[in-house]
Amino acid sequence: MQILRATKTNINKAVEVIKNGGLVAFPTETVYGLGADGLNPIAVAKIFEAKNRPTFNPLILHISSPEYLDKIAQINNDKVNLLIEKFWPGPLTLVMPKKDIVPKIVTAGNDTVAVRMPNNKVALELIDRCEVPIAAPSANVFGRLSPTTASHVSEQLGEKVNIILDGGKTTIGLESTIIKVNDEGFVLLRHGGIPIEEIQKVVGKINQKVNENNNPQSPGQLPFHYSPCIPIYFIDEVNESKLKNKKLGGLFFSKDKTNFHFSTIKILSPTGNYYEAAANLFLYLHELESSNIDLILAEKIPEENLGKAIMDRLKRSVNKYK
């Protein structure tokens with residue numbers, strides 16, 4: 001495994017790894033992705049093996065231009081172009097009927113494929129030079145915290161990755177919003193880096209799907225996910241008997257409003273800015289996980305704007321320890 005600064009020379013090295021069926025971790029605006037040739041089923045299988053990811057959980061294909069979408073998906077709603085014009089490149093994933101060129105392992109056997117165009121120069125250059133869509137879930141061990149720096153990737157995956165392209169800290173810090181496209185409209189599958197309210201301004205009402213955990217149509221639909229290695233609980237739900245003689249870490253939106261004694265505290269955004277809070281969420285959870293504490297107590301975030309996506313991640317994280 002090599003951690004390489006994301007220069008043109010090193011991106012070229014990463015392109016060769018992808019073309020030869022290897023794995024490359026690379027930055028996007030959301031989190032770091034673990035990439036492989038999305039049209040090579042053997043290469044894609046290596047993603048599942050490296051992450052210890054269940055094969056029933058589908059992957060997202062990343063493309064470098066909207067024009068490539070027609071090669072891998074069937075556009076079944078005229079309003080799709082409105083979303084692409086407004087939000088691509090960016091943290092919006094569209095789920096549509098797949099074309100035969102897409103291997104079933106990418107879609108976990110579903111007849112739909114998840115596609116997005118990332119808003120990151122390194123990612124776009126890598127995809128463009130590879131000349132294939134890149135399948136890339138978050139570059140972490142399945143169920144663990146998503147990586148927002150190259151070092152996060154190295155700590156979790158190490159030698160399982162051929163190259164890690166270091167493009168610095170990700171800017172958004174939360175995975176993409178995922179929308180399923182139907183003939184009759186749109187369905188929200190996962191809250192993410194674009195608030196659902198912003199998307200509804202473009203295409204109108206979007207329904208929300210109840211998770212079908214046995215056959216998810218996109219990533220991020222399982223009941224627990226995004227979890228640190230030490231227990232995490234919501235402050236207003238924790239049984240205080242669990243706290244006796246424990247070193248506590250606190251995660252708050254804008255300030256600590258409690259009387260608990262914390263060994264360390266992380267404030268997502270002192271000014272209460274949802275975008276800053278989202279960008280810091282996984283970074284601070286990684287830092288808390290590495291601190292000398294026994295468990296994390298998290299404040300619930302108001303579920304508005306990006307607060308919905310932040311709470312989605314926190315709820316799934318907490319579910320692991322319920």
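Helices (H or I, at least four residues) and strands (E, at least two) are DSSP runs numbered from the N terminus. Angles run from 0 to 180 degrees between N-to-C directions, with axes fitted to C-alpha atoms, for helices over the stretch in contact. Welcome to a predicted model, in which local features need pLDDT of at least 70, side-chain atom pairs count only at pLDDT 80 or more, and totals for chains, interfaces and linings use all residues. Residues are numbered from 1 along each chain as its sequence is written, and side-chain values use heavy atoms, leaving out hydrogens and water.

**The sheet**
- The open sheet has four strands in the order β12-β15-β13-β14, paired in parallel (two strands pair if DSSP finds at least two bridges between them).
- Four bridges link β13 (residues 248–252) to β14, and G250 has I265 in β14 as its bridge partner.

- Helix α10 (residues 307–319) lies across β12, β13 and β15, at about 120° to β12.

**Loops to look at**
- W88 and P89 are joined by a cis peptide bond with omega about -5°, and P89 sits in the loop between α4 (80–87) and β5 (92–97).
- N245, in the loop between β12 and β13, is not a glycine, yet has a positive phi of about 60°.

Key:
Contact = heavy atoms within 4.5 Å.
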